[in-house]
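Hi,

Here is the structure I promised to pass on. Have a look at it first, and then read my notes below.

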Amino acid sequence: MTSTLATSNGLSERINSLTPSATLEMAAKARELRAAGKDIIGLSLGEPDFNTPDYIKEAAIQAINDDYNSYTPVDGYGELKEAIITKFKRDNQIAYEPAQIVVSTGAKQALYNVAQVVLNKGEEVILPCPYWVSYSDIVKLADGVPVEVETTIENDFKMTPEQLEAAITPKTRMLWYSSPCNPSGSIYSEEELRALADVLQKHPQIIVVSDEIYEHINYGVTKHASMAAFEDMYDRTVTVNGVAKAFAMTGWRIGYIGAPTFIARACNKLQGQVTSGANCIAQRAVITALNESPSRIQYMVDKFQERRQLILGLLNEIEGFRCNEPEGAFYVYPDVSAYFGKTLNGVTINNASDLAMYILEHANVATVTGDAFGNGNSIRISYAASENEIKEAVARIKKALN
């Protein structure tokens, strides 16, 4: 007789139903192929290829020399919370109090906390597609139900007010989006956010999560705007941010929220039973990062912008790739549906996942399927790489597809 334990592999239904992160999975596959001797160009991970700026590293070294080595407050050092408050006021015109700020071990944990403390079983979360790869599973882990809203490349992958209204049901509890968007690089203008906010005025039960982790990687076409800056949305918006992307600090693992006090307190309570406070040295470094002018990291943004123009020009030469022009972040998200149903080198391409795997195996270039982002017509390509790597990668892709 087979036991229940044996048939369920001894693990919970929760973890068995969880989808592995597609970006991390592709990066692992690329590492595996490299270890086998393959020359793989990795354009799958969302990680700047710059080093953390020296002035931030020096602050961390000073913290070590000053003997910062003890547990930190669960919701972050007071000085860091003040730096975050200053940043929100300076960059986003949002006024928060210390009790509204929670520092976490990365923005991903901040998002997880919010889902866990707000959602009840069966409540719905609207996700404009494409969305960051982990949103859907974070919602499911909180027993929520992701409701995907399809967008198009013609509309720069942005949800309209009409689409938002149509997606709302009596079970809708939250709306999550990122701007600049990972994976599309699209940015919601102040006017576009205002139009969405006008819809939400009719549905006061809905909490908004505005993920602004790519805020400073903005190429100047559309000015960054924050939902919480609207007076009538302030009390129902959670603004999520961090230092991983703009400050090239992915491994330092510091993210934070500005939120209504009742949500911030709940996140603090949850975090106190899970990870407690974030790393002490990293927090001290982030105080310096946020207190300095964002102009000090502009050199990275300028370089990303050059690479964006380079990769768009090259990708537009590939028949079957349709690209819009991303206004922020460091990704392109071409529509590749023209290849669906075709056979290349004996391999039938049925969807974006097939194409991403084909490109990995036949061009030795790692990308990420759009299926992971709720949009199956595209693949995500990161241009957080050197110009030579970008040129070589696109040349390989073009050759493999032709």
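Predicted model: local features only at pLDDT ≥ 70, side-chain atom pairs only at ≥ 80, totals over all residues.

**What I found**

If you zoom in on β9 and β14 (residues 379–382), you'll find two bridges between them, in the antiparallel sense. Which residue of β14 is the bridge partner of tyrosine 331? That's serine 382.

Next, the helices. In general, a packed pair is described by the angle and the distance between the two axes. Here, helix α13 (residues 352–363) and helix α14 (residues 387–401) have axes that come within 9 Å and cross at roughly 105 degrees. Angles of 65 to 115 degrees count as roughly perpendicular, so that is what α13 is to α14. On the α13 side, the contact is made by Leu355, Tyr358, Ile359, His362 and Ala363, and α14 brings Arg396, Ile397, Ala400 and Leu401. Sorted by class, that contact has seven nonpolar residues, one polar and one charged.

Finally, the nonpolar cores. The largest one has 115 residues, and Trp176, Phe247 and Phe321 touch the most other members. Helix α11 (residues 280–291) gives this core its largest share, eight residues. Another core, of 20 residues, lies apart from it and includes Ala167, Leu196, Val199 and Ala225.

Cheers

Methods: Residues numbered from 1 in each chain as written. Heavy atoms only, no water. Axes fitted to C-alpha atoms, helices over the stretch in contact; angles between N-to-C directions. Helix = DSSP H or I, 4+ residues; strand = E, 2+ residues; numbered from the N terminus. Parallel < 35°, antiparallel > 145°, perpendicular 65-115°, else oblique. Contact = heavy atoms within 4.5 Å. Nonpolar A, V, L, I, M, F, W, Y, C, P; charged D, E, K, R; others polar. Pairing = 2+ DSSP bridges. Core = buried A, V, L, I, M, F, W, Y, C linked by side-chain atoms within 4.5 Å. Buried < 20%, exposed > 50% of the residue type's maximum accessible area, 1.4 Å probe, protein only.
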